[in-house]
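Here is a note for a colleague who is meeting this structure for the first time. Please keep the sequence and the 3D view at hand while going through the numbered points.

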Amino acid sequence: IQSKAGYGKSYLSLAAALQKVFQDKQYGKIFLVKPTIEIGENLGYLPGDIDEKVEPYIRYMRNLIWKLHNKRKSKCSKIFTDGSTTSRLKLNPEFFEILPIAYIRGMNIENAFVIVDEAQNLSRLEVRSLLTRMGHGTKCVCLGDVEQIDNRYLN
């Protein structure tokens, strides 16, 4: 899906993923893949486990999931493990997993709905590596805006 920022690419793909996993039961899990490209100065080393390290990069996705959850709580209630506000929102790893592109080597993703956000910031090698991880029963949706390339090594 290619369009300008703010047009709802992430929102619509998350809505589709939640419907396909929780309502239609067509897939078993949602994977969110995102390059960790920073705009401006590099944050440097971030303490904590992998979830804490990627939190700054996917905070907006958690907010969108919370927004969708508030529209249809009964269908999406299994996605959270605890927390009642977006600041304490904890996603259930049984149904939702965040994958930094750097850690996909050696994985096989099967029976999953995969959302690749900010795909315009992935190199050809990263895209090839990611797509070869897609196994049986996987839907992969790539989102991006080619006018917003933040990766200094791409044009």
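1. A residue is called buried when its relative accessible area is under 20%, exposed when it is over 50%, and partly exposed in between, with a 1.4 Å probe and protein chains only. By that rule Ser3, whose relative accessible area is 19%, counts as buried because it falls under the 20% limit. Ser3 sits in the segment before helix 1, and, with residues up to four places away in sequence left out, it touches Lys9, Gly144 and Asp145, where contact means heavy atoms within 4.5 Å.

2. The model is a predicted one, in which local features need a pLDDT of at least 70 and side-chain atom pairs count only at pLDDT 80 or more, whereas totals for chains, interfaces and linings use all residues. Residues are numbered from 1 along each chain as its sequence is written, and side-chain values use heavy atoms, with hydrogens and water left out. The pLDDT, which is the predictor's confidence in each residue on a scale from 0 to 100, has a mean of 80 over the chain, and 75% of the residues reach 70 or more. Confidence is lowest in helix 3 (residues 73–76), with a mean of 55, and highest in strand 5 (residues 112–116), at 96.

3. The chain holds four helices and six strands, taken as DSSP runs numbered from the N terminus (helices H or I, at least four residues; strands E, at least two). Along the sequence they follow the pattern α-β-α-α-β-β-β-β-α-β. Of the contacts between residues at least 6 apart in sequence, 74% join residues at least 24 apart, and of the 155 residues in the chain 40% count as buried.

4. A nonpolar core is a set of buried Ala, Val, Leu, Ile, Met, Phe, Trp, Tyr and Cys residues joined through side-chain atoms within 4.5 Å. In the largest such core, which has 24 residues, Leu14, Ile79, Phe96 and Ile115 touch the most other members. Helix 1, strand 1, helix 2 (50–71), strand 4 and strand 5 each supply at least two of its residues, and the largest share, six residues, comes from helix 2. Apart from this core lies another, of 13 residues, among them Phe31, Met107, Val114 and Leu130.

5. Which aromatic rings pair in this model? Rings of Phe, Tyr and Trp (its six-membered ring) pair if their centres lie within 6.5 Å, and planes under 30 degrees apart count as stacked, over 60 as edge-to-face and the rest as tilted. The whole structure contains two aromatic pairs. The ring centres of Phe22 and Phe95 are 5.2 Å apart with planes at 50°, so this pair is tilted. Phe22 belongs to helix 1 (residues 9–23) and Phe95 to the loop between strand 3 (90–91) and strand 4 (96–100), so the pair ties together parts 73 residues apart in sequence. Both Phe22 and Phe95 are buried. Tyr27 and Phe113 have ring centres 5.8 Å apart and planes at 80°, so their pair is edge-to-face.

6. No disulfide, meaning a pair of cysteine sulfur atoms within 2.5 Å, is found in the whole structure. For Cys140, the nearest cysteine sulfur is that of Cys142, 4.0 Å away. Cys140 is partly exposed, with a relative accessible area of 26%, and Cys142 is partly exposed as well, at 33%.
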